[in-house]
Amino acid sequence: MQGAAKDFQAALLHKARWRPWEFAVWLIAFALPLLVPSHSLMVNEIAIVALFAMSLDLILGYTGIVSLGHAAFFGFGAYAAALFAKLVMPDPMVGLVVATVLSAALGAVASVTILRGSDLTRLMVTLGTALLLLELANKLDWLTGGADGLQGVVMGPVLGLFEFDLFGRTAAWYSLSIVLILFLLMRRIVHSPFGATLKAIRDNRLRAMAIGIPVASRLVTIYTLAAAVAGAAGALLAQTTGFASLDVLAFDRSADVLLMLVIGGVGWLYGGIAGALVFKLLQDWLSAVTPQYWMFWIGLILVLLVLVGRDRLFKPWTWFGRRV
């Protein structure tokens, strides 16, 4: 028994070990605002949606909770950070912490809706939560600006030293730094014994309960954590753009981030990063080439991805063979 426990611990440590290519990925990411300064705003946007995608992967890829309303926490964090900067103080770091904590609280409250029912029930409940917040933000126009959005948000310098510039370089490095910190936290969690219990719940909830895993508390914990990370992503968006609108709570946000995970792969944090990168670059390029039909081409790519498989998509000579 002790030998099996040691082997399991060794396997977890091996998975948690950093590979050389991971260091290269993050070094390139932080160098991009210097290498391509004209695309710093795009780098900032990709970093934010990548963080949003990783937050969804915590509950979808590692726990098996399907959600169509994850934008509820993203939008709540965006509005919380924007309102805090406008009404209380413009310090971005304090506003980020406040938005993250409030989003975590919302996630803890909303987590009771995922403890019962089937996957279809959870889909409808999570979607309903996002729609309720969307309608609430629309009706409270005296606070949120309604359909016109929350305007007049002015952010102070990061750490009191680095002012946000028009080119987006400070915003890109600020977002990338927060993404890296939260990525390290999520990476540590998913490669821990706690993360192993999440995968056991994903694979077979009844069996996980039978072996003594506290399923309900695990689901509440990971859902709260995912909500906090999604809220941090929304806060970054509001802080780096100085604006928050109903768009951050729209169904499109939840659908897009789900598509990113389909592209990049679930159950793998880098899948959220890869999916966000591919999706945003495709969206930017296709909308420039065919402004009216860019969603058609993205849909076609997704259909091919599902039919052929991610591993064989770029190997056409394997499409018609027997799939292993």
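User: On what basis are residues numbered and features counted here, and what pLDDT do local features need?

Analyst: Residues are numbered from 1 along each chain as its sequence is written, and side-chain values use heavy atoms, with hydrogens and water left out. Because this is a predicted model, side-chain atom pairs count only at pLDDT 80 or more, totals for chains, interfaces and linings use all residues, and local features need pLDDT of at least 70.

User: What is the secondary structure of the protein chain, and how many helices does it have?

Analyst: Helices (H or I, at least four residues) and strands (E, at least two) are taken as DSSP runs, numbered from the N terminus. Read along the sequence, the pattern is α-α-α-α-α-α-α-α-α-α-α-α-α-α. The chain has 0 strands, and its helices come to 14.

User: Which percentage of the residues in the protein chain is buried?

Analyst: Buried means under 20% relative accessible area, exposed over 50% and partly exposed in between, with a 1.4 Å probe and protein chains only. The accessible surface, from the Shrake-Rupley method with a 1.4 Å probe and, for residues, only the protein chains shown counting as cover, comes to about 16,600 Å², of which 71% belongs to carbon and sulfur atoms. Of the 324 residues in the protein chain, the buried share is 47%.

User: Among contacts with a separation of 6 or more, what share comes from residues 24 or more positions apart?

Analyst: Contact here means heavy atoms within 4.5 Å. Among the contacts in the protein chain with a separation of 6 or more, the share from residues 24 or more positions apart is 76%.

User: How are α3 and α12 oriented relative to each other?

Analyst: Axes are lines fitted to C-alpha atoms, for helices over the stretch in contact, and angles run from 0 to 180 degrees between N-to-C directions; under 35 degrees counts as roughly parallel, over 145 as roughly antiparallel, 65 to 115 as roughly perpendicular and the rest as oblique. Helix α3 (residues 40–60) packs with α12 at an angle of about 80 degrees, their axes being 9 Å apart. The orientation of α3 to α12 is therefore roughly perpendicular.

User: Which residues make this contact of α3 and α12, and how many of them are nonpolar?

Analyst: From α3 come V49, F52, A53, L56, D57 and L60, and from α12 come R253, V257, L258, M260 and L261. Ala, Val, Leu, Ile, Met, Phe, Trp, Tyr, Cys and Pro count as nonpolar, Asp, Glu, Lys and Arg as charged, and the others, Gly among them, as polar. By class the contact has no polar and 2 charged residues, and its nonpolar residues number 9.

User: How are α12 and α13 oriented, and how many polar residues does their contact have?

Analyst: The axes of α12 and helix α13 (residues 269–289) come within 7 Å and cross at roughly 110 degrees, so α12 is roughly perpendicular to α13. On the α12 side the contact has D256, L259, M260, L261, I263 and G264, which meet G271, G272, A274, G275, A276, V278, F279 and K280 in α13. The residues divide into 8 nonpolar and 2 charged, while the polar ones number 4.

User: Is A276 buried or exposed, and which residues does A276 touch?

Analyst: A276, in helix α13, is buried because its relative accessible area is 0%. Not counting residues up to four places away in sequence, A276 touches I46, V49, A50 and M260.

User: Where does S254 lie, and which backbone oxygen lies 3.3 Å from a polar atom of its side chain?

Analyst: S254 belongs to helix α12 (residues 251–264), and its relative accessible area of 1% means that S254 is buried. Leaving aside neighbours within four places in sequence, S254 is in contact with L68, G69, H70 and A71.

User: With which side chain does N44 make a polar contact?

Analyst: N44 lies in helix α3 and is buried, since its relative accessible area is 5%. A polar contact is a pair of N or O atoms within 3.5 Å; within protein, one must be able to donate a hydrogen and the other to accept it, and residues adjacent in sequence count only if both atoms are side-chain atoms. At 3.2 Å, the partner of the N44 side chain is the side chain of T240.
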